[in-house]
Amino acid sequence: MAVSISVLVVIVSLHLLAFVLAIGAERRRSTAKVVPDEYDEYDYCVYASDASTVYGLSAFGLLLISQTVVNGVTKCLCFGKGLVRSWLKSVAIFFFVLSWVSFLGAEACLLAGSAKNAYHTKYRGIYGGNELSCETLRKGVFAGGAALTLISMIASIVYYVVHLKADTGGWERHENGLSMTSLENPDHRGAGGFEKL
């Protein structure tokens with residue numbers, strides 16, 4: 001099979017959009033400040049925009065779609081006709097595992113960051129009592145998701161290209177050259193059980 005440019009464009013564009021959204025989520029993380037009420041009896045938290053939650057969840061969805069496209073086209077390395085036994089098969093398996101590990105790490109960062117960013121402290125502290133702490137997302141969670149998204153993109157592209165080069169496409173290698181695989185007569189015997197020459 002030949003490498004499909006349209007599949008590569010879809011994979012790259014979805015990963016890059018997810019990367020940009022993850023960076024946007026990092027830049028727009030919620031910030032909070034403690035503000036006293038009008039009577040100075042209670043303190044409460046005032047939060048800025050929740051845009052990073054939407055950005056993070058959008059990046060999560062785009063990355064999920066891209067991983068689905070890659071594994072749908074390559075049949076997830078498990079359900080295809082098989083790969084030619086060579087160093088290409090080992091490279092394909094390595095980048096398959098790397099793409100899945102980086103994908104799962106990026107998805108975990110994006111989902112956890114979005115959930116934590118959406119959480120707002122609603123409790124009020126009594127004036128003069130304990131200091132009120134406003135819960136906010138740590139810096140770097142979405143940035144980690146963005147970095148893993150880039151690693152996932154590179155691993156997915158290399159896996160896709162190497163997988164297609166190592167794919168048998170219905171051909172098997174024999175001692176005396178290449179031939180099509182036979183589903184009807186797997187033992188290559190002719191009618192009446194005589195060996196074909």
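Is Tyr-159 buried or exposed in terms of relative accessible area? Tyr-159 is buried, with a relative accessible area of 0%. Buried here means under 20% relative accessible area, exposed over 50%, and partly exposed in between (1.4 Å probe, protein chains only).

The model is predicted: local features need pLDDT of at least 70, side-chain atom pairs count only at pLDDT 80 or more, and totals for chains, interfaces and linings use all residues. Residues are numbered from 1 along each chain as its sequence is written, and side-chain values use heavy atoms, with hydrogens and water left out.

The protein chain holds four helices and five strands. Their order from the N terminus is α-β-β-α-α-β-α-β-β. Helices (H or I, at least four residues) and strands (E, at least two) are DSSP runs, numbered from the N terminus. Of the 197 residues in the protein chain, 33% are buried. The accessible surface is about 12300 Å², and carbon and sulfur atoms account for 63% of it. Accessible areas come from the Shrake-Rupley method with a 1.4 Å probe; for residues, only the protein chains shown count as cover.

Helix α2 has 23 residues. From first C-alpha to last it reaches 33 Å, close to the expected 33 Å at 1.5 Å a residue. The expected span is 1.5 Å times one less than the number of residues. The buried residues of α2 include Ala-51, Gly-56, Leu-63, Ser-66 and Asn-71. The buried residues of this helix pack against α1, α3 and α4. From α1 (residues 5-27) comes His-15. His-15 counts as buried because its relative accessibility is 1%. Its contacts beyond four places in sequence include Leu-63, Ser-66, Thr-149 and Met-153.

Just after α2, Lys-75 takes a positive phi of about 60 degrees. Cys-76 lies in the loop between α2 (51-73) and α3 (87-118). Cys-76 is partly exposed, at 22% relative accessible area. Leaving out residues up to four places away, Cys-76 touches Asn-71, Phe-96 and Tyr-159. Cys-76 and Phe-96 are 20 residues apart in sequence, and their C-alpha atoms are 8.5 Å apart.

Three aromatic pairs are present. The rings of Phe-96 and Tyr-159 have centres 5.3 Å apart and planes at 50 degrees, so this pair is tilted. Rings of Phe, Tyr and Trp (its six-membered ring) pair if their centres lie within 6.5 Å; planes under 30 degrees apart count as stacked, over 60 as edge-to-face and the rest as tilted. The pair links distant parts of the chain, with Phe-96 in helix α3 and Tyr-159 in helix α4, 63 residues apart. Phe-96 is buried at 14% relative accessible area. Trp-100 and Phe-103 form an edge-to-face pair, 5.4 Å centre to centre with 90 degrees between the planes. These two residues are three apart in helix α3, so about one helical turn separates them. Trp-100 is partly exposed at 28%, whereas Phe-103 is buried at 5%.

Helix α4 (residues 141-166) also carries Ile-151. Ile-151 is partly exposed at 38% relative accessibility. Beyond four places in sequence, Ile-151 is in contact with Leu-98 and Ser-102. Ile-151 and Leu-98 are 53 residues apart in sequence, with 8.3 Å between C-alpha atoms.

Definitions and conventions:
Contact means heavy atoms within 4.5 Å.
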